[in-house]
Amino acid sequence: MADLPFHDRADFEAADRGFLAALDPAVIRTADGRVVWDSDAYGFLDGECPDTAHPSLWRQGQLCVKQGLYEVTDGIYQIRGLDLSNMTLIEGDEGVIVVDPLLSNECAAAGLKLYREQRGDRPVTAVVYTHSHADHFGGVRGVTDGDVPILAPAGFMEHAVSENVYAGTAMNRRAVYMYGPDLPRSPEGQIGTGLGMTTSTGTISLIPPTLDITRTGQEETVDGVRLVFQLTPGTEAPSEMNFHVPDRRALCMAENATHNQHNILTLRGALVRDTRVWARYLDEAITLFAGDADVVFASHHWPTWGSENIVTFLTQQRDMYAYMHDQTLRMMNQGMTGIEIAEAIRMPPALEQAWHTHGYYGSVSHNVKAIYQRYLGWFDGNPAHLWEHPPVEQARRYVECMGGREGVLSYARRYVDEGDLRFAATLLNHAVFADDGDRQARELLAEVYTRLGHGSENGTWRNFYLVAARELTSGVVPPDLDTTSPEMLQALSLEQVFDSIAIRVDGPKAWNESLAIDWHLTDLDRRHRTALSNGVLIHQADPPSRPVDLTLTLTKRDLLGLLTGGPADGIRHEGDLNALNRLTAVLDDPAPAFAIVTP
Ligand SMILES: [Zn+2]
């Protein structure tokens, strides 16, 4: 830590460069007054770093919390710090192109208003979504009703909705740990996520794109502005693209090159990303565009100006991902496991000296394990790990072997005193899982997690530890935010809708049930069959003609209504309507507030 280049203030200069106006106060509300964004709550970050925070993460928080309208270059502006992500505004002949309209309508509308106050009442003439993550499209209805061209990378719609369909409940629950939305904003609490401060909690919308970008080199002129695209599927998002604005000598890197090490696997859970192609696309971007750019900007953090700086920045980002990938594979092929590689790997000192390679959002530790997981999966090959007891059973046995709870607690205190918080957490976690009513164990573990959080350079690790500490002492706060908007649900494919029902079937309850229902979707002119047998709901498009228990004739909206627990009244049917009841009787409800740090 002593080696960190705190004398290097270039990021602060870049983050302030082109500042035009701030939102004052920096609080954004819904129409009925609920606060969905408040960056004034982070005013304490002005101060010196206290001993309850890692100085490097504190510094990143100071940079990310800056908010307002900034000029990037002639005719290109950014709204920064008014949501997790940035909204970029590119002025055209008739109006302004909005790139990535934030996560919620309220924040996007507030950002556009701030822009117009400074730059005149320009109409929005087009929207560009750089990728399929909600913090880059969810606020679209805050800037347009949809009567403009909307550009997006190929596969955008499928991926915009699919990431959260099947494991949505589990991801949302874990996202509470990752972002810490309910943690107090304070030097002891939430000080950002590294990528931005946190996610806004307003209304999420989605308007489908009207123009797909399908190949690298594709050029489109939008409102008189030439945009040249580079498709980068499988990088930070499954559907993502960078683009160059040749006439303004500006390069947008979407979320592929930002001022932190990104996640190869986010801690809330997701499919593992591919560091190998990520590095290759960064290399391609340098070749294609770096020579014709005076500024590079992204949909998080601040831009980088100057051709030499741009090449250095993109090269270091590329090498960071490539190094992690190649070294992980090298050590894997020497027989090391993910946990061992994460402990052994050392990043090149030249990269360590660059602030933007630091693990504020992703981390070398969890990214290396993700790369291992991508290639080899959860099993490290050691059969001792092939058939372990589940946590509670294992905890009981460990506690017994260590002389009961008194023994565990005294060992734990010893490791705390020696500063080995990692092993103290392991011991105390066993104590809590062996007996979750043990207040003393819970409080000691909460203390250990708090100290681990305060020592983390990574914003999401800090949030995970601090939320864990809070839940150990105060219990689980049920999440109140609903991230599924009607537009997101409507965007689900029919296959995704039926898959979502299938994964709610309570297997044992349905073992002896057998039924078939045909669904005739009038608005889509499609027929789908669901058949329940052996505890599994299979579905099939365009099924062959055969007798079924029930045929329902309905719209997709009706189907979504049934799925979310609505009544079947008024839906045309033929056959035994009780078949529908028999199906819903075996459907389980997800548990949005499940326990994580207790059994
Ligand atoms: Zn993002």
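Modeller: Let's start at Leu-102, which sits in the loop between E7 and H3. Keep in mind as we go that this is a predicted model. The backbone at Leu-102 has a positive phi near 55 degrees, in a residue other than glycine. With a relative accessible area of 0%, Leu-102 is buried; the cut-off for that is under 20%. Asp-100 is found in that loop too, between strand E7 (96-99) and helix H3 (105-119). Phi of Asp-100 is positive as well, near 60 degrees, and again the residue is not a glycine. Its relative accessibility is 0%, so Asp-100 also counts as buried.

Another backbone detail to look for is the peptide bond from Asp-24 to Pro-25, which is cis, with omega near -5 degrees. You'll find Pro-25 in the loop between strand E1 (19-21) and strand E2 (27-29).

On to the metal. Which residues hold the zinc ion? Asp-135 (OD), His-136 (NE2), Glu-255 (OE) and His-300 (NE2) coordinate it, at 2.0 to 2.2 Å. Along the chain the donors follow the spacing D-H-x118-E-x44-H. Take Asp-135 and Glu-255: they are 120 residues apart, so this pair links distant parts of the chain. Asp-135 belongs to the loop between strand E8 (124-128) and strand E9 (150-153), while Glu-255 belongs to the loop between strand E14 (250-252) and helix H6 (275-289). Asp-135 counts as buried because its relative accessibility is 10%, and Glu-255 counts as buried because its value is 2%. Why is the arrangement of the 4 donor atoms called irregular? Because the angles they subtend around the zinc ion run from 83 to 174 degrees, whereas a tetrahedral site needs all angles between 85 and 135 degrees.

Strand E14 takes us into a sheet. This is an open sheet of 6 strands, ordered E11-E12-E13-E14-E15-E16, with mixed pairing. At its edges are strand E11 (219-222) and strand E16 (304-305), each pairing on one side only. Strand E13 (residues 241-245) runs antiparallel to E14, joined by 3 bridges, and His-244 has Leu-251 in E14 as its bridge partner. Helix H6 packs on this sheet, touching strand E12 (225-231), E13 and E14, and its direction makes about 145 degrees with that of E12.

Zoom in on strand E20 (residues 550-554), where 5 of the 5 residues are buried. In a regular strand, side chains alternate between the two faces of the sheet. E20 is covered on both faces: Leu-550, Leu-552 and Leu-554 are buried on one side, and Thr-551 and Thr-553 are buried on the other. What runs alongside E20? Strand E17 (residues 515-521) pairs with E20 in the parallel sense over 5 bridges, and Trp-519 stands opposite Leu-552. Strand E21 (residues 572-575) runs antiparallel to E20, with 4 bridges between them, and Thr-551 stands opposite Glu-574 there.

Elsewhere in this sheet, E18 and E19 pair in the antiparallel sense over 6 bridges. Ser-533 has Val-536 in E19 as its bridge partner. The hairpin these strands make has 2 residues between them, and Asn-534 takes a positive phi near 55 degrees.

Of its 599 residues, 53% count as buried. The C-alpha atoms fill a box of roughly 70 × 65 × 50 Å along the principal axes. And among contacts between residues at least 6 apart in sequence, 70% join residues at least 24 apart.

Key: Residues are numbered from 1 along each chain as its sequence is written. This is a predicted model: local features need pLDDT of at least 70, side-chain atom pairs count only at pLDDT 80 or more; totals for chains, interfaces and linings use all residues. Side-chain values use heavy atoms; hydrogens and water are left out. Donors are N, O and S atoms within 2.8 Å of the metal (3.2 Å for Na, K and Ca); water is not among the atoms, so sites may look incomplete. Four donors count as tetrahedral if all angles lie between 85 and 135 degrees; four count as square planar and six as octahedral if opposite donors are over 155 degrees apart and all others between 65 and 115; anything else is irregular. Buried means under 20% relative accessible area, exposed over 50%, partly exposed in between (1.4 Å probe, protein chains only). Two strands pair if DSSP finds at least two bridges between them. Contact means heavy atoms within 4.5 Å. Axes are lines fitted to C-alpha atoms, for helices over the stretch in contact, and angles run from 0 to 180 degrees between N-to-C directions.
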